[in-house]
Amino acid sequence: MNKNLTCIECPKSCELIVDIENCRVVKVSGNQCKAGESYCLAEIENPMRVLTSAVLGEGLALKMIPVRTDRPLPKAKLLEAMAEIKKIRINKPVKPGDVIVNNFLGLGVDLIATRECL
Ligand code: SF4
């Protein structure tokens with residue numbers, strides 16, 4: 001099976017054709033450098049995403065406080081992560097970068113606030 005991807009590793013935005021067999025990358029074409037191959041391998045075999053969302057504030061100026069993970073987490077974990085985020089309540093002031101949940105879901109990433117809320 002072939003899949004088309006646009007490499008986002010640099011502004012050249014190479015259009016890549018990825019040959020995939022059994023969920024594994026067997027060939028990449030269209031890339032102008034090795035970074036394109038690495039991008040395809042990660043995107044097809046272990047896609048990662050930074051999660052951005054919001055958690056409920058209680059007794060604070062904002063009802064919803066924006067948050068994100070400080071690093072990417074496996075894309076396959078996003079639904080589980082969103083379900084966990086829905087359970088979180090913040091009842092004390094936060095500023096950007098404050099850790100809301102350390103080692104979120106045991107994935108080695110922190111969930112941090114992205115906006116001040118008093
Ligand atoms: S394949 Fe290389 S040159 Fe092309 S967009 Fe990716 S990083 Fe840039």
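Hi everyone, let me start with a residue, E45. If we set aside its neighbours within four places in sequence, E45 is in contact with C23, R24 and V25. Please keep in mind throughout that this is a predicted model.

So where does E45 sit? Its place is in helix α1, which covers residues 34–45. And is E45 buried or exposed? E45 is exposed, because 11 other C-beta atoms lie within 10 Å, and the cut-off for exposed is 12 or fewer.

Now let's step back to the whole chain.

Next, the ligand. Around it we find C7, E9, C10, K12, S13, C14, N31, Q32, C33, A35 and G36. By residue class, this shell has five nonpolar, four polar and two charged members.

In soluble globular proteins, nonpolar side chains tend to be buried together. Here, the largest nonpolar core has eleven residues: V55, I65, V67, L73, A81, I90, V94, F104, V109, L111 and A113. Which strands each supply at least two residues of this core? Those are β6 (64–69) and β10 (111–113). Apart from this core lies another, of six residues, including V18, V28, Y39 and C40.

Let me pick out V109, one of the residues in the largest core. Not counting residues up to four places away in sequence, V109 touches T69, D70, R71, L73 and F104.

Finally, the sheet. Five strands make an open sheet with mixed pairing, and the order is β8-β5-β6-β10-β9. Which strands stand at the edges? They are β8 (89–90) and β9 (99–101); each has a single partner strand, so one side of each is left without a neighbour in the sheet.

Let's zoom in on one pairing. β6 and β10 run in the antiparallel sense and pair over three bridges. Within the sheet, T69 stands opposite L111 in β10.

Note on methods:
Residues are numbered from 1 along each chain as its sequence is written. This is a predicted model: local features need pLDDT of at least 70, side-chain atom pairs count only at pLDDT 80 or more; totals for chains, interfaces and linings use all residues. A residue is near a molecule or strand if its C-beta atom, placed from the backbone, lies within 6 Å of it. Ala, Val, Leu, Ile, Met, Phe, Trp, Tyr, Cys and Pro count as nonpolar, Asp, Glu, Lys and Arg as charged, and the others, Gly among them, as polar. Helices (H or I, at least four residues) and strands (E, at least two) are DSSP runs, numbered from the N terminus. A residue is buried if 20 or more other C-beta atoms lie within 10 Å of its own, exposed if 12 or fewer, and partly exposed in between; C-beta atoms are placed from the backbone. Two residues are in contact if their C-beta atoms, placed from the backbone, lie within 7 Å. A nonpolar core is a set of buried Ala, Val, Leu, Ile, Met, Phe, Trp, Tyr and Cys residues joined through C-beta atoms within 7 Å. Two strands pair if DSSP finds at least two bridges between them.
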